[in-house]
Amino acid sequence: MKLGIVTDSTSDLPAYLIERFGIEVVPSILVIEGKQYADGVGISRNDFYARLPAMIQYPTTAAPSIGEFSVRYQKLFTLGCDHILSIHVASQLTAICNIARQAASSFPNRVTVVDSGSLSMGIGFHALIAAEAAESGADLEAVLASIQAAHRRIRVFAALDTMDYLRRSGRLPAAVTMIGGVLNIKPVIELAEGQVKFASVVRTTHQANERLSAFLKAGGLPLERLAIMHTGAELRARAFLSQLMDEIAMDLPREIIMVNATPVIGVHLGPNGLGFAALGPTKQ
C-alpha cells in the first residue's frame, strides 16, 4: 500500500522535509487589513513579525476551504497513492480538522484524518513520523500506531514576550491575561491535547529562557527529536540552542530543526516568542 501524507501550514515543516517526503501542505489563510494571504504567499515571515506591533487593525486567520483539501487528496491519488493520512492542528484551536474530514468524505475509506492535538512542529513531528514509516513500507495500521506512540511523547512549550496577543485570541482565561497586562509579566505556556495551558510566569526574557530549558529537561532525556520555534526572534532562538548545547549536548538529537513560526500562529502569540517541540525518550 502506498500512503500519501497531507498536513496544513500550521505544522511549520521546513521546505526541505516537505520535498524530501513528498508531503502535501494545505495553506491556512492570513487576513491583514482585509486582504487575504495564503500562508507563505505574499508576505514573508520576517516581514510579518517586523510589521505586527505597529498594525492598527488586528490581523486574523481563517481555515482553508474544503476544495483546498480535495485538490491535494486528488493529486496524491493521481500519483498512485492508495490511502492518505491527513494530519492537522488541534481541533480545539481551529476548524481545519473538521474541514479536512468534510473533504475526506468525498473519498470514502481512502483518507484518514488525524487530529494531532498539537501545533507547529508538534504537528510536524506527527507528519514526519508518518512519512518515515510509510516510506519504510509500513501499512496503514502500523503507521497509525507509530503516530500514536509518538503522540504520547511529544511536548510543546512556548515563552511569549507579552500576553497581549494571547489575550486577544481568547486562548487563556481573561483573569490570567488581565493580570499579565497589569504586571507586564511574560507567560510560559504548554500546548497539550489541544489545550493551551498556563505553565508559568516570569518577568524577564532570561528567566523565560531558563524556564523553557527546565521544562525541556523535565520531560526526560535524551531527546529523540527537537525543534526550536520562534516568532521573528532568530537571535533569541539561536542563543537558546547554544545554551542547550552547553548544558545537554549529549542528550540532543543530531538534527535540530529551527523554524520561524508561521504568521498564522504568530497572530495569536505575538512577536519575539520562543518555544520548542520535543519528542522525548520511550517510556520503559
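Which helices and strands each supply at least two residues of the lining of the largest pocket? They are β5 (60–62), β8 (154–159), β9 (186–192), β11 (225–230), α11 (263–269) and β13 (274–279), where helices (H or I, at least four residues) and strands (E, at least two) are DSSP runs numbered from the N terminus. The model is predicted, so that local features need pLDDT of at least 70 and side-chain atom pairs count only at pLDDT 80 or more, whereas totals for chains, interfaces and linings use all residues. Residues are numbered from 1 along each chain as its sequence is written, and side-chain values use heavy atoms, with hydrogens and water left out.

The volume of the largest pocket is about 500 Å³. On a 1 Å grid over the protein atoms alone, a pocket is an open set of points with protein on both sides within 12 Å along at least five of seven lines, a cavity is a set of points where a 1.4 Å probe fits but cannot get out, and lining residues have an atom within 4 Å of a point. Grid points are joined across faces, edges and corners, and a volume is the space filled by probe spheres set on the points. The pocket has 32 lining residues, with Leu93, Leu119, Ile265, His268 and Leu269 nearest its centre. Helix α11 gives the largest share of this lining, four residues. By class, the lining holds 20 nonpolar, 10 polar and two charged residues; Ala, Val, Leu, Ile, Met, Phe, Trp, Tyr, Cys and Pro count as nonpolar, Asp, Glu, Lys and Arg as charged, and the others, Gly among them, as polar.

Ser118 lies in the loop between β7 (111–115) and α5 (121–135). Ser118 counts as buried because its relative accessibility is 4%, buried meaning under 20% relative accessible area, exposed over 50% and partly exposed in between (1.4 Å probe, protein chains only). Beyond its neighbours within four places in sequence, Ser118 is in contact (heavy atoms within 4.5 Å) with Val89, Ala90, Ile123, Val156 and Leu191.

The largest nonpolar core has 60 residues, of which Tyr73, Leu85, Ile87, Met121 and Val143 touch the most other members. Helix α5 gives the most to this core, 10 residues. Such a core is a set of buried Ala, Val, Leu, Ile, Met, Phe, Trp, Tyr and Cys residues joined through side-chain atoms within 4.5 Å.

One cavity of 30 Å³ or more is found in the whole structure. The residues Leu30, Tyr37, Ala38, Asp39, Gly40, Val41, Ile43 and Pro263 line the largest cavity.
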